[in-house]
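Here is a short briefing to read alongside the model. Take a look at the structure first, and then we can walk through some of its features together.

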Amino acid sequence: MISIFVGSNPFAFSEDLQPGSVAELQKALEEGGIAVETKPPVLSLTGYLDTSYTYNFISAHSGANRAMTAQIPTRMESDGIAGGGWNLNQVYLVAEKPMSELNEWQAGFRTDLMIGQDAASMGMPDNITGLGTANNSGLVFNTGSFLLAQAYAQFRVPVGNGLDIKMGKFMSPFAFELMERPANLNFSYGLIFSNLIPEILVGIEAIYPLSSAFELTLGITDGGFNTSRGGYPFFGFVNNEPFSSLFITSLKYETPKKNAQLTASLLFGPDGANPPGFGFYPDFPGTGVFRESPFNRSAPFFLGDIYGAWIPQITKDRLLLAMEYTGGFYNGGVSLPNDPFLQPASSDWFGASFWMKYQLTAFLSIAFRQDWIQGSNNEILYQHIGRTDIWSSTLTFRFDLWENLMMRAEGRMDWGKDVAGVILEPLGLPGVPISNGPAFFAAVEVAYLFW
């Protein structure tokens, strides 16, 4: 993930060397008097600091009263604060004992710690806000917030091409964008990442390279994503089920020349997923992908996602094109006027994104993102009631000041049904002031990689 930030290309492609070729190369070099260290260091420590100034051109009023304070709930909370301000987005630390490329018995681990405002935004309900509260109210953006983004042990079993097993807390195979802001093409998070997919899973997954081009991932995780059974609060509607798990399958394809990649993933929960938190149609809003909901029921949950990236060779690695499409279905919501805990109300959602980045010079690149998301009447979208279509366009200029320091300037525009409204009030209720936009956003970011 970090290599995406420091590399000249915005998308990292790694060379796949067969174990035999590695051993032969090592032997040849040693016979020639050159010693080669094939095993990685015992422990590596890397990280970065990401800070910014952001401004949302919507009414702020500093909380004079909640009817005067606007929100854009489909953005990541740390990107949706009204008005402007200075931000410590992330201090990201990675401690890792990596495994080598050799197909032999091996073990390692990785732990990722995020500190800052983004930890409060996306860590729910698994973060510590820094104010001693158990969960994020939507108004807590403390720079001392902590999020344990990853913590897993990994093993390699030398069968076939080499089977890697992870157990613990790890990033999901879903989504082109990552939690690490500097690794993404744009500074702000896109609509799919912020609203429709899991970023973190807790469980076990097995990764097997079928060939030099195809890699298969299979896994079983806890019934909640972005949290685990110990997450707070859980209301008992899914997390206390005798067997509430999510089943993952993901297939990645990479071209022989390593200039294109395509990943398709499926997530199925026979007893639901918690989060995401769905609403209570037609009176209570969805709670989104980072919060649980007391209205969720045990019912089938399905999520599919496909994304890909391509660097045309004719452009000499200057142009990157990427796309993503996601959609899902859940039949565990509730509706009125019948008994809300007995009457199901199905939900479905869709999203699509397109990215384009061009490296103008070694110093300057420009990236564009176009997003679209849609939620059904029984919403998955945070603070929304009723069917919603929202669009977003983002333009980002990146300046690579020197090897480890990067600066970006960004402008963004969101629009669509109920894109902005009154804070702490469900968007879509009669009498609640809402806006279909456009809602404008500007940001300047500085990120420094250290190790």
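**Salt bridges and a nonpolar patch**

Glu445 and Arg408 form a salt bridge whose closest N and O atoms are 2.6 Å apart; the term stands for a side-chain nitrogen of Lys or Arg within 4 Å of a carboxyl oxygen of Asp or Glu. This pair links distant parts of the chain, with Glu445 in strand E20 (residues 439–450) and Arg408 in strand E17 (residues 405–416), 37 residues apart. The model is predicted, so local features need pLDDT of at least 70 and side-chain atom pairs count only at 80 or more, while totals for chains, interfaces and linings use all residues. Residues are numbered from 1 along each chain as its sequence is written, and side-chain values use heavy atoms, leaving out hydrogens and water.

**Charged pairs**

- Asp112 pairs with Arg110 in a salt bridge, their closest N and O atoms lying 2.8 Å apart, and both residues are buried.
- For the salt bridge of Asp371 with Arg369, the corresponding distance is 3.3 Å.
- The count of salt bridges comes to 14.

**Surface**

- A nonpolar patch with about 810 Å² of accessible area together includes Leu210, Phe214 and Tyr253; patch residues have over 30% relative accessible area and no salt bridge, with nonpolar side chains (Val, Leu, Ile, Met, Phe, Trp, Tyr) joined within 5 Å and like charges within 9 Å.
- Phe214 belongs to strand E8 (residues 214–222) and is partly exposed, at 34% relative accessible area.

Methods. Areas by Shrake-Rupley, 256 points an atom, 1.4 Å probe, with all protein chains shown as cover. Helix = DSSP H or I, 4+ residues; strand = E, 2+ residues; numbered from the N terminus. Buried < 20%, exposed > 50% of the residue type's maximum accessible area, 1.4 Å probe, protein only.
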